[in-house]
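Colleague: I am new to this structure. Could you walk me through its cavities, its ligand and its pockets?

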Amino acid sequence: MAKAKEMTPLMKQYWSVKSIHPDKIVLFRMGDFFEMFHEDAQIAAPLLGIALTARNKKSGDQTPMCGVPHHSIAGQINKLLEAGKKVAICDQVEDPKTAKGLVKREITRILSPGMVYDPETLESTSPNYLCSLDENTLSFMDSTTGECFYFLVKDSTEISQFVDTLNPVEIILSEKQEKLFHIIKPEHWKGVVSFYEDLLDQEKDLPRSANRLLSYAVSMQGESVLSSLHPFEKRNSRMRMQVSSQVFRHLEIFKTYKGEKDSSLFAAINRTRTAGGARKLKNWLQFPLIDPSEIVQRQDQVEKWVGQYDDLKSLRKTLFQVGDLERRIGKISQPQCHPRDFKSLCDSMGAALELLKFYEELPKNNEAVEKLKKLRLELESAFVDEVPANFRDGGFIATGFNTKLDELIHIAKDSQSEVRKLESEEKEKTAIPSLKVRYNNVFGFYIEVRNTHKDKVPKERYQRKQTLTNAERYVTDELNELEKRVITAKSKRAELELEILEQLKKNVISSMRALVQLAQECNQLDVFTALAYLAVENDYSRPTLKEKGKISIEGSRHPVIEQVLSNQFVANDIRMDSNQCLLLTGPNMAGKSTLMRQVAITSLMAQIGSFVPARKAELPLVDKIFTRIGASDFLTEGLSTFMVEMTETAEMLNKATENSLVILDEVGRGTSTYDGMSLAQSILEYFINTLKSYTLFATHYHELTDLEDKYPEQLLNRHMAISEDSGEIRFRYQLKEGAAGKSYGIQVAKLAGLPGPVVKYAGKLLKEYEAHHHREVGGSAQLDLWQRMAEEQTEVQESQPNPELEKWLENIRGLEIQKLTPLDALNRLAQWQQELS
Ligand code: ADP
Ligand code: MG
């Protein structure tokens with residue numbers, strides 16, 4: 001930085017601002033541009049893809065700088081925020097035309113990933129949460145929609161889970177919390193951490209974490225931000241199905257393993273027409289219900305719309321016009337809000353109010369609705385069709401809206417014709433045909449006379465203002481008089497229009513509650529109708545849910561894969577009672593994982609109140625869903641370690657209940673066969689004996705299928721059918737009773753072209769192994785697996801003392817290799833070979 005005395009006044013002004021905000025990128029308004037200097041410029045230029053230049057190359061000032069036009073900063077600011085930066089906007093706070101000396105500049109707004117500039121440029125289907133925590137609460141705020149809520153949390157695992165699931169873009173911590181948060185920070189969370197000690201007085205009845213969010217928001221954007229925030233709502237996650245963020249990942253609910261959103265369940269079932277509806281559907285999926293009456297209420301709504309397909313279609317057209325009502329409401333109370341924002345709010349409101357006719361439950365003419373209708377009419381008549389981008393000079397309020405404004409507009413227009421009149425009068429009086437009345441910012445109105453006529457000018461009336469090479473400029477008293485009138489009318493008009501805008505803003509804010517309610521009704525209606533549309537479009541059915549009931553799904557499909565494969569997807573009937581375990585066997589690629597996931601997804605969909613991809617479904621009310629996907633199926637996540645697999649399994653074993661739905665896919669694959677198989681069996685039996693959860697278990701340890709003899713009531717052996725068609729294996733994706741044929745692996749190998757002897761020998765080994773294995777695992781006197789393995793070890797040892805073999809080995813040991821000729825060695829080998837055959 002240059003020394004203060006060498007700095008220009010402008011740079012002094014810049015540094016006085018920058019030094020207060022060293023951690024932010026300062027956008028410094030200069031004329032039509034927002035400029036960034038020094039390090040800010042070096043950071044921002046590549047992020048924004050703009051050129052980095054020097055401030056004043058000629059004078060040798062090497063200050064790096066870059067800039068963006070003021071009218072297009074919204075997108076640029078978002079790029080900076082997305083990169084995790086914070087931005088301070090330093091604007092001109094007086095009119096440069098009237099300013100004496102250096103234009104006054106001030107920080108007008110501070111922005112961060114959680115406190116954005118233009119919410120309509122964000123991804124519309126995701127909320128933009130700020131988050132904060134204290135000893136026992138975790139609070140969230142979406143400043144773009146006003147949504148505010150908190151959870152009571154009992155431990156750091158819960159905090160970590162909520163953060164992982166709700167994915168806030170920014171977390172506000174006090175310095176003291178840094179260490180703790182570092183420990184519990186979920187691996188997949190990519191937001192930014194900001195440190196902030198709150199300054200607002202702690203409000204009674206409000207958790208500290210919520211208070212900190214409010215205080216932070218005010219510190220960033222001033223008190224006005226409060227008017228668009230809803231009161232903090234306490235949410236009880238314990239009244240919801242417990243689904244961890246890992247389960248959402250395993251089932252690919254919001255993203256696939258590869259991080260693609262397009263192939264997720266959410267993308268496959270989201271038929272909402274508004275951004276707010278999409279956000280709500282997402283929230284429903286994050287927190288499925290467990291109260292049967294709440295589920296039935298939602299199902300009733302969906303069913304109602306399924307039955308009114310024509311209404312449904314026209315309603316969805318109107319919904320589409322609602323746009324992002326919530327975020328449009330949120331924009332109005334922001335300082336940079338533009339008259340165009342009012343216009344789009346007005347359009348949204350119009351469509352939303354039209355939807356009220358579809359609500360039988362709502363009174364059509366209650367006070368709130370009337371107020372909103374009035375407000376909408378007011379907004380509709382307030383603005384001209386084409387609102388100018390720069391609205392500070394007025395020209396955006398329509399004529400006829402305000403009589404005082406109409407008068408001013410009239411005067412302004414009138415004085416224009418007065419100017420023309422004065423001009424022609426002067427031409428006549430002076431007999432100078434080329435005389436012109438003109439206007440510029442420096443002198444205002446003036447009369448211009450070309451040099452050839454300058455002698456004709458009446459010196460007593462004309463005062464000279466400026467001399468040009470070939471013309472002279474004058475003013476007269478009359479002209480000054482006129483100018484005053486024009487200018488006052490113009491500036492009065494601009495002033496009045498801004499005043500009207502401010503009043504309209506107040507009117508909107510005073511209707512905030514009703515507006516928010518309207519938006520929420522729309523979101524809800526959108527989700528119900530979207531689920532109905534989805535159900536009709538994909539032939540889903542309404543499931544029945546019963547506590548501790550059975551799972552019985554006829555014609556069950558996987559909602560995502562089904563859409564990819566269209567009519568090639570094979571539907572299955574899946575049945576199991578409570579306290580039963582479905583043990584799935586079959587070769588790779590037979591459809592085991594798909595089937596199990598579709599059961600979990602069906603259950604999840606049912607408990608958000610949706611219809612499900614099946615012909616008919618009876619389902620139990622599930623309190624929690626657990627999934628454990630074996631390491632090898634999960635390589636892309638970089639979680640392939642056996643340790644992770646076991647940590648998750650441990651958590652599952654500690655938390656699952658008899659009302660939980662558990663998916664175990666190839667557990668134990670990440671370790672050696674005996675280890676893995678022992679663990680898999682032990683876990684499976686623990687579910688059967690102790691936890692009694694609804695368990696679906698896919699395994700390649702074929703041995704486990706023998707457990708059916710031990711648990712004939714609880715264990716259901718099932719497999720995915722395969723057929724052979726003229727020497728080619730065909731997956732039929734049909735769920736069948738019984739365990740899979742044991743030699744599928746060998747059959748597949750044969751078809752793949754493995755040499756005959758290898759296949760034959762493998763078949764022989766398999767038979768031997770089965771005979772041996774059956775003796776031990778099957779039957780009533782089944783031995784503990786550990787014991788069995790111990791025995792196998794001793795068997796190997798016992799089989800070693802073989803007199804023939806011993807003698808032979810002795811021969812080899814006693815051989816004096818140094819004394820053998822190559823021919824001797826060859827002869828010896830030939831002899832042994834003969835003995836052996
Ligand atoms: P597994 O777990 O037995 O190895 P997957 O469940 O991963 O097999 O399924 C392998 C592939 O088979 C899937 O990616 C899908 O394309 C196809 N598939 C699975 N189930 C079905 C089905 N019911 N109908 C049609 N194709 C299916
Ligand atoms: Mg699989």
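Modeller: Start with the lining of the largest cavity. Thr-145, Ser-228, His-230, Glu-326, Ile-329, Gly-330, Val-516, Ala-519 and Gln-520 line that space. Keep in mind that this is a predicted model.

Colleague: How many cavities of 30 Å³ or more does the structure hold?

Modeller: A cavity is a space where a 1.4 Å probe fits but cannot get out. With the cut-off at 30 Å³ or more, the count for this structure is 3.

Colleague: Which helices each supply at least two residues to the lining of the largest cavity?

Modeller: The space there is about 50 Å³. Its lining includes Glu-326, Ile-329 and Gly-330, and also Val-516, Ala-519 and Gln-520. The helices that each supply at least two lining residues are H12 (325-332) and H17 (512-538).

Colleague: How does the lining of the largest cavity divide by class?

Modeller: Gly counts as polar here, and Glu as charged. Glu-326 and Gly-330 are both in the lining. By class, the lining has 3 nonpolar, 5 polar and 1 charged residues.

Colleague: Which element gives the most to the lining of the second largest cavity?

Modeller: This cavity holds about 50 Å³ of space. Its lining is Thr-274, Gly-276, Arg-279, Val-322, Gly-323, Asp-324, Leu-325, Glu-326, Ala-519, Cys-522 and Asn-523. Helix H9 (275-286), H12 and H17 each give two or more of these residues. With 3 residues, the element that gives the most is H17.

Colleague: How many charged residues are in the lining of the second largest cavity?

Modeller: Arg, Asp and Glu count as charged. Arg-279, Asp-324 and Glu-326 are among the lining residues. Beside 4 nonpolar and 4 polar residues, the number of charged ones is 3.

Colleague: Is Asp-324 buried or exposed?

Modeller: Asp-324 sits in the loop between helix H11 (309-322) and H12. Its relative accessibility is 9%. The cut-off for buried is under 20%, so Asp-324 counts as buried.

Colleague: Which side chain does Asp-324 join in a polar contact?

Modeller: Asp-324 and its partner both line the second largest cavity. Their side chains are joined by a polar contact of 2.8 Å. The partner is Arg-279.

Colleague: Now the ligand. Which residues come nearest to ligand 1?

Modeller: There are 13 residues around ligand 1. By class, they are 7 nonpolar, 5 polar and 1 charged. Helix H19 (residues 592-607) gives the largest share of this shell, 3 residues. The nearest are Val-570, Met-589, Lys-592, Ser-593 and Thr-594.

Colleague: What distance separates a polar side-chain atom of Thr-594 from an oxygen atom of ligand 1?

Modeller: Backbone atoms also approach the ligand. A backbone N or O atom of Ala-590 lies 3.1 Å from a ligand oxygen. For a backbone N or O atom of Lys-592, the distance is 2.9 Å. For the polar side-chain atom of Thr-594, it is 2.5 Å.

Colleague: How much of the accessible area of ligand 1 does the protein cover?

Modeller: On its own, ligand 1 has 560 Å² of accessible area. The share that the protein covers is 80%.

Colleague: What is the volume of the second largest pocket?

Modeller: The pocket is lined by 40 residues. Glu-123, Ser-126, Asn-167, Lys-255 and Lys-261 lie nearest its centre. The lining has 15 nonpolar, 15 polar and 10 charged residues. The volume is about 1,200 Å³.

Colleague: What is phi of Lys-548 near?

Modeller: Most residues other than glycine have a negative phi. Lys-548 lies in the loop between strand E18 (544-546) and strand E19 (551-556). Lys-548 is partly exposed, at 45% relative accessible area. Its phi is positive, near 55°.

Colleague: Where does Lys-692 lie?

Modeller: Lys-692 has a positive phi of about 55°, although it is not a glycine. At 32% relative accessibility, Lys-692 counts as partly exposed. Its place is the loop between helix H21 (673-691) and strand E25 (694-698).

Colleague: How far apart in space are Phe-34 and Asp-91, C-alpha to C-alpha?

Modeller: Phe-34 lies in strand E2 (residues 33-37). At 3% relative accessibility, Phe-34 counts as buried. In sequence, Phe-34 and Asp-91 are 57 residues apart. In space, the C-alpha to C-alpha distance is 8.3 Å.

Key. Residues are numbered from 1 along each chain as its sequence is written. Chains are lettered from A and ligands numbered from 1 in the order in which they are written. This is a predicted model: local features need pLDDT of at least 70, side-chain atom pairs count only at pLDDT 80 or more; totals for chains, interfaces and linings use all residues. Side-chain values use heavy atoms; hydrogens and water are left out. On a 1 Å grid over the protein atoms alone, a cavity is a set of points where a 1.4 Å probe fits but cannot get out, and a pocket is an open set with protein on both sides within 12 Å along at least five of seven lines; lining residues have an atom within 4 Å of a point. Grid points are joined across faces, edges and corners, and a volume is the space filled by probe spheres set on the points. Helices (H or I, at least four residues) and strands (E, at least two) are DSSP runs, numbered from the N terminus. A residue is near a molecule or strand if one of its heavy atoms lies within 4 Å of it. A polar contact is a pair of N or O atoms within 3.5 Å; within protein, one must be able to donate a hydrogen and the other to accept it, and residues adjacent in sequence count only if both atoms are side-chain atoms. Accessible areas come from the Shrake-Rupley method with a 1.4 Å probe; for residues, only the protein chains shown count as cover. Buried means under 20% relative accessible area, exposed over 50%, partly exposed in between (1.4 Å probe, protein chains only).
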